[in-house]
Amino acid sequence: MLTPARHIYQPLAPNHAQPRHARLDVLRGLAMLWMTLFHFGFDLNHFGWIRADFYRDPFWTWQRSCIVSLFLICAGIGQAVAVGQGQSWPRFWRRWGQVAACALLVSLGSWLMFPRSFISFGVLHGMAVMLLLLRWAAPRLPTVLLVALALLALAAPSLWQHPWFDTRWTNWLGLITHKPVTEDYVPVLPWLGVMLLGFVLGRWLTARTAWLDGPVPKLLTPLAQLGRWSLSYYMLHQPVLIAALSLLQWLRLP
């Protein structure tokens, strides 16, 4: 039985002049900066300038998990803010189309560079699917149920796995028996749970506090600007890093 409507998150009337929340942009910018440092280390290892195991060393694997979590929490908060501001479906579809298109470009680019371990379902692919699920279901559900679903999503890969999910065509769900050989892998389960918790946090922040509306110190303004252009930066930072390191390596050749 559905919870009475008064207990379900009610969005405001549509507002075409939707204000940005600088503090949320700072969190996105922090995720971008951390990701850049991580990828810089990965690229140095790829070019042979350092020696590190980015696939098994906890120092790197835990960083990756934290970076992805911060991305998805910010995406969940952003969706809660958008729903609260009355974001229309056409506006949602425009943004979703950008994410999906960039996911396809990532697959193509990674296939050209890493044909044996290209990215078939990385963070942008995961976000595209999770954003659809979140936008369709989350505004209709009470907070208690969202938290329960988030915990179930987080636990699901540990509770049940099957070899059928181990192929590139099926591993996107996350119920795998072993991790695929790929440069990035962010399946729906368990990561949907992180985005759901971000949505719950965003719902609470917009309904109970004014934290998101607060100003940011001038020192953090560059991070806020970076967070405003997070998708563009995400798509450009690795080509720029790789091109710069390739040039430096060429200049170092005897």
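Let's start with a crossing: helix α1, covering residues 22-46, packs against helix α7, covering residues 221-228, at an angle of about 85°, and their axes sit 6 Å apart. Angles of 65 to 115 degrees count as roughly perpendicular, so that is the label for α1 and α7. Keep in mind that this is a predicted model. In total, the chain has eight helices and zero strands.

**Where α1 meets α7**

- On the α1 side, the contact is made by A22, D25, V26, R28, G29, L30, M32 and L33.
- On the α7 side, the residues taking part are L223, A224, L226, G227 and R228.
- Sorted by class, the contact of α1 with α7 has eight nonpolar residues, two polar ones and three charged ones.
- As background, a pair of packed helices is described by two things: the angle between the axes and the distance between them.

**The chain as a whole**

- Going along the sequence, you read the pattern α-α-α-α-α-α-α-α.
- The radius of gyration is 19 Å, close to the 18 Å that the globule rule gives for 254 residues, so the chain is as compact as a globular protein of that length.
- Along its principal axes, the C-alpha trace spans about 70 × 50 × 30 Å.
- Out of the 254 residues, 46% count as buried.
- Take the contacts between residues at least 6 apart in sequence: 78% of them join residues at least 24 apart.

**The loop between α3 and α4**

- Helix α3 runs over 89-113 and helix α4 over 123-137, and F118 lies in the loop between them.
- Which residues does F118 touch, not counting those up to four places away in sequence? They are S107, S110, W111, R168 and T182.
- F118 and P142 are 24 residues apart along the chain, and their C-alpha atoms are separated by 39 Å.
- F114 is also a residue of the loop between α3 and α4.
- With a relative accessible area of 17%, F114 is buried, because buried means under 20%.
- Leaving aside neighbours within four places in sequence, F114 is in contact with F42, H46 and E183.
- From F114 to T182 the sequence separation is 68 residues, while their C-alpha atoms are 8.6 Å apart in space.

**The loop between α5 and α6**

- You'll find N171 in the loop that runs between α5 (143-159) and α6 (188-208).
- Is N171 buried or exposed? Its relative accessibility is 2%, so N171 counts as buried.
- Setting aside residues up to four places away in sequence, N171 touches F165, I176, P180, Y185 and P187.

**Helix α6**

- P190 is found in helix α6.
- The peptide bond joining L189 and P190 is cis, with omega at about 15°.
- For context, most peptide bonds are trans.
- A207 is in helix α6 too.
- At 56% relative accessibility, A207 counts as exposed, since the cut-off for exposed is over 50%.
- Between A207 and R28 there are 179 residues of sequence separation and 21 Å of space, C-alpha to C-alpha.
- R28 is also one of the α1 residues in the contact with α7.

**Helix α2**

- Helix α2 covers residues 58-84, and A80 is found in it.
- A80 has 0% relative accessibility, so A80 counts as buried.
- C-alpha to C-alpha, A80 and P239 are 32 Å apart in space, and they are 159 residues apart in sequence.

Terms used: Residues are numbered from 1 along each chain as its sequence is written. This is a predicted model: local features need pLDDT of at least 70, side-chain atom pairs count only at pLDDT 80 or more; totals for chains, interfaces and linings use all residues. Side-chain values use heavy atoms; hydrogens and water are left out. Axes are lines fitted to C-alpha atoms, for helices over the stretch in contact, and angles run from 0 to 180 degrees between N-to-C directions. Helices (H or I, at least four residues) and strands (E, at least two) are DSSP runs, numbered from the N terminus. Angles under 35 degrees count as roughly parallel, over 145 as roughly antiparallel, 65 to 115 as roughly perpendicular and the rest as oblique. Contact means heavy atoms within 4.5 Å. Ala, Val, Leu, Ile, Met, Phe, Trp, Tyr, Cys and Pro count as nonpolar, Asp, Glu, Lys and Arg as charged, and the others, Gly among them, as polar. The radius of gyration is taken over C-alpha atoms; the globule rule is 2.2 Å times the number of residues to the power 0.38. Buried means under 20% relative accessible area, exposed over 50%, partly exposed in between (1.4 Å probe, protein chains only).
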